Amino acid sequence: MAQPDQKKFFENLSGAGKAIAVLTSGGDAQGMNAAVRAVVRVGIYVGAKVYFIHEGYQGLVDGGENIEEAKWESVSSMLQVGGTVIGSARCKEFRTHEGRRAAAQNLVLRGITNLCVIGGDGSLTGANLFREEWSGLLDELVQQGKINRESAEKYSHLNIVGMVGSIDNDFCGTDMTIGTDSALHRIIEVVDAIVTTAQSHQRTFVLEVMGRHCGYLALVSALACGADWMFIPEMPPADGWEEQMCTKLSQNRARKKRLNIIIVSEGAIDTSNKPITSEHIKNLVVKCLGFDTRVTILGHVQRGGTPSAFDRILASRMGVEAVLALLEASADTPACVVSLCGNQAVRLPLMECVQMTQEVQKAMDERRFEEAVRLRGRSFENNLNTYKLLAHRKPQSELPIDDPSCRSSFNVAVLNVGAPAAGMNAAVRSAVRVGITEGHKIFAVNDGFEGFAKGQIKEIKWGDVGGWTGQGGSLLGTKRTLPAKHLEKIAEQMKANKINALLVIGGFEAYLGLVELLAARGKYDEFCVPIVMVPATVSNNVPGSDFSIGADTALNAITDTCDRIKQSASGTKRRVFIIETMGGYCGYLASVGGLAAGADAAYIFEEPFDIRDLQANVEHLTAKMKTSIQRGLVLRNENSNENYTTDFIYQLYSEEGKGVFDCRKNVLGHMQQGGAPSPFDRNFGTKIAAKAMLWISRKLKETYRKGRVFANTDDTACLLGMRRRAFVFQPVVDLKNETDFVHRIPKEQWWLKLRPLMKILAKYKTSLDVSESGQLEHVVRHRRPEESEGVPA
């Protein structure tokens, strides 16, 4: 972490005299436009000239009108559009020396020496070769009389920064590539639709998803929908899989499961590297089991549609980091790729990433499949391990045997506390199945601590949680009631049901509940058991975690609504929308939703504002209405200010904007809490709850003495959170100092650093601390610690 006196600020970096070109190459991916928008606007913001290169490398070789100077307004309304507005094309000429020489000439003639390439590993490898040949190409152009020696010396080196746009997430070094999350949204939408029709008819569906060389989409969608079986190129099924799969499908059907889903990556292979096709799987199921079976091949549907909130934010952050990297680059700086590791933007040497990506394919070709999985990275490996834990129920004989002196397995209770959040059910399903696999008896508590006190508790089995991943809300029931008033009754229920550990899934009330249970340990021995909390709240206001289950679904609801609202104004000139979001005192949804939706301003409690700020925003919008962009979007967090209410801001804007623009207001309300969980929330909930249950198993073994569990140390009551690049178990006691209990928010919140990005992209002059940027890191090949891994996708 940079010290205060070493801080660097974006506004001190000048792009004056520099020219940046941006191109998209290879296959299109949702979110590419958000990246282009960020590069253009941030480039213009720092005083550089920015150019579009239309039709990828083909446009670079052909030159002419394909290389066009971009204006601020050029990228308006791009954020919500899928594909790539500036076009992409495969280009044979750029693969030739002559083609690259023509491209170099086109750049030099416009004074462009900074190139931002958004594409896959092939596109980025081509960019790196172009950079390495640059000085030789300029010498040839001088000899041919196409440019003069002065130009060759002035533009003597080319800076390259890459961003990976690929729905397959097949590029090593980054947790998520632009477009992957949106592709998962398309897949999960289809799966959810198929579930309803398949259940009506007791059908088996074989779903083929993209991924010729990488099984990420198949793996994560299988995890997110609880598929019965999955085929990916990195982990071919063991010999005899046909019989195993059919046995599992028939067992599930015998347990009254009306639906079977099998997900196949288009590049799926067996251990002999022979393809496994969706048609082959269908024929196998029909022949062996006689089940009514259908094949659905998703194809290019996965590439289409509007980008998800995650992809917009990811692409915007990467675009800003790319411009920053170009401004700081020198002749000695290697070509880099900006990517996401955990919750942090990082820079990695481009060719290290490409080399590692190629090593994965080599490992698969040589049938070193375990090595291929490891090279894919920690996030991929963890997804795969979690899928294996959840997908295949072990026979009783294979379950772990507890201490011989303990007659029965441990009893673990799972409950939801606080407001409902999409993804809670995925977390419960994961916890139940991992707990059963670990040999425990799992008890479900209905209606939170209140239900606990009333004895609403019963054992929950493997089959009881089937189909839960795609369900919104809380199937267990959840309430905001804190345990303090019911401690005695809860202790009685824990004693009566012999509960040895607690897993609490919920929001700020769950955190407060843990604090109260911890304080009651001195009075009630029943609370001296391992207790762990998993954060789940749309507000994302739990201390100790950058993300909470449910927040991503809420962000997508806000973004989708903002898109529709903006579209409603497409035929109406000069209109400003004031939109109120949820979040209590936490401004996460308003701020990050504002970045994803392209808002002009977002009012939040954490950043106090007064009437002068409101006036400045009105003036800013008035100036905007004189350009070709004649609509505005303003978000307000519900508790941002008790006096400057949504109605007040609406009336102020309406009055001040008279004759220039008119206003409309929308209060989004509980629609942000409802709906089916996003792929991110399903996967995040699944992985984090599995980790929590494995922690419980470990703590139970550590604290089991003389025939009973007794846990009263601080490290036996923890919150499991995602922090920067790692999952971390943190004692609840240690988090007290990080919490503003009055306003129910953490004292420090990472996403506040994203607010200046929203302002810059809306053309406000602002201060942006970039101290944590600029370090070129190396691709990590070794294993990170068990709890350390990237953001779940």
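Tutor: A residue is called buried when its relative accessible area is under 20%, exposed when it is over 50%, and partly exposed in between, using a 1.4 Å probe and protein chains only. The model is predicted, so local features need pLDDT of at least 70 and side-chain atom pairs count only at pLDDT 80 or more, whereas totals for chains, interfaces and linings use all residues. Residues are numbered from 1 along each chain as its sequence is written, and side-chain values use heavy atoms, with hydrogens and water left out.

Student: How many aromatic pairs does the count come to?

Tutor: Rings of Phe, Tyr and Trp (its six-membered ring) pair if their centres lie within 6.5 Å, and planes under 30 degrees apart are stacked, over 60 edge-to-face and the rest tilted. Under this rule, the number of aromatic pairs is 22.

Student: What is the angle between the planes of Y57 and F94, and how many residues apart in sequence are the parts that the pair ties together?

Tutor: The rings of Y57 and F94 are stacked, at 4.1 Å centre to centre and 10° between the planes. Helices (H or I, at least four residues) and strands (E, at least two) are DSSP runs numbered from the N terminus. Y57 belongs to helix α2 (residues 56–62) and F94 to the loop between β3 (67–69) and α3 (97–109), so the parts tied together are separated in sequence by 37 residues.

Student: Are Y57 and F94 buried or exposed?

Tutor: This concerns the two partners of the stacked pair. Both Y57 and F94 are classed as buried.

Student: Which kind of pair do the rings of Y585 and F605 form?

Tutor: Their centres lie 5.1 Å apart and the planes of Y585 and F605 stand at 70°, so the geometry is edge-to-face. Y585 sits in the loop between β18 (575–581) and α19 (588–597) and F605 in the loop between β19 (601–603) and α20 (611–624), so the pair ties together parts 20 residues apart in sequence. This pair is therefore classed as edge-to-face.

Student: Which residue lies over the face of F291?

Tutor: A charge sits over a ring if NZ of Lys or CZ of Arg is within 6 Å of the ring centre and within 35 degrees of the ring normal. K765 lies over the face of Y45 at 4.4 Å from the ring centre. Over the face of F291, at 4.2 Å from the ring centre, lies R253.

Student: Which residue does the side chain of N683 join in a polar contact?

Tutor: N683 is placed in helix α22 (residues 679–703) and is buried, with a relative accessible area of 0%. A polar contact is a pair of N or O atoms within 3.5 Å; within protein, one must be able to donate a hydrogen and the other to accept it, and residues adjacent in sequence count only if both atoms are side-chain atoms. At 3.4 Å, the side chain of N683 makes such a contact with that of N383.

Student: What is the phi of N540?

Tutor: N540 lies in the loop between β17 (531–535) and α18 (551–568), and it is buried, with a relative accessible area of 3%. Although N540 is not a glycine, its phi is positive, at about 55°.
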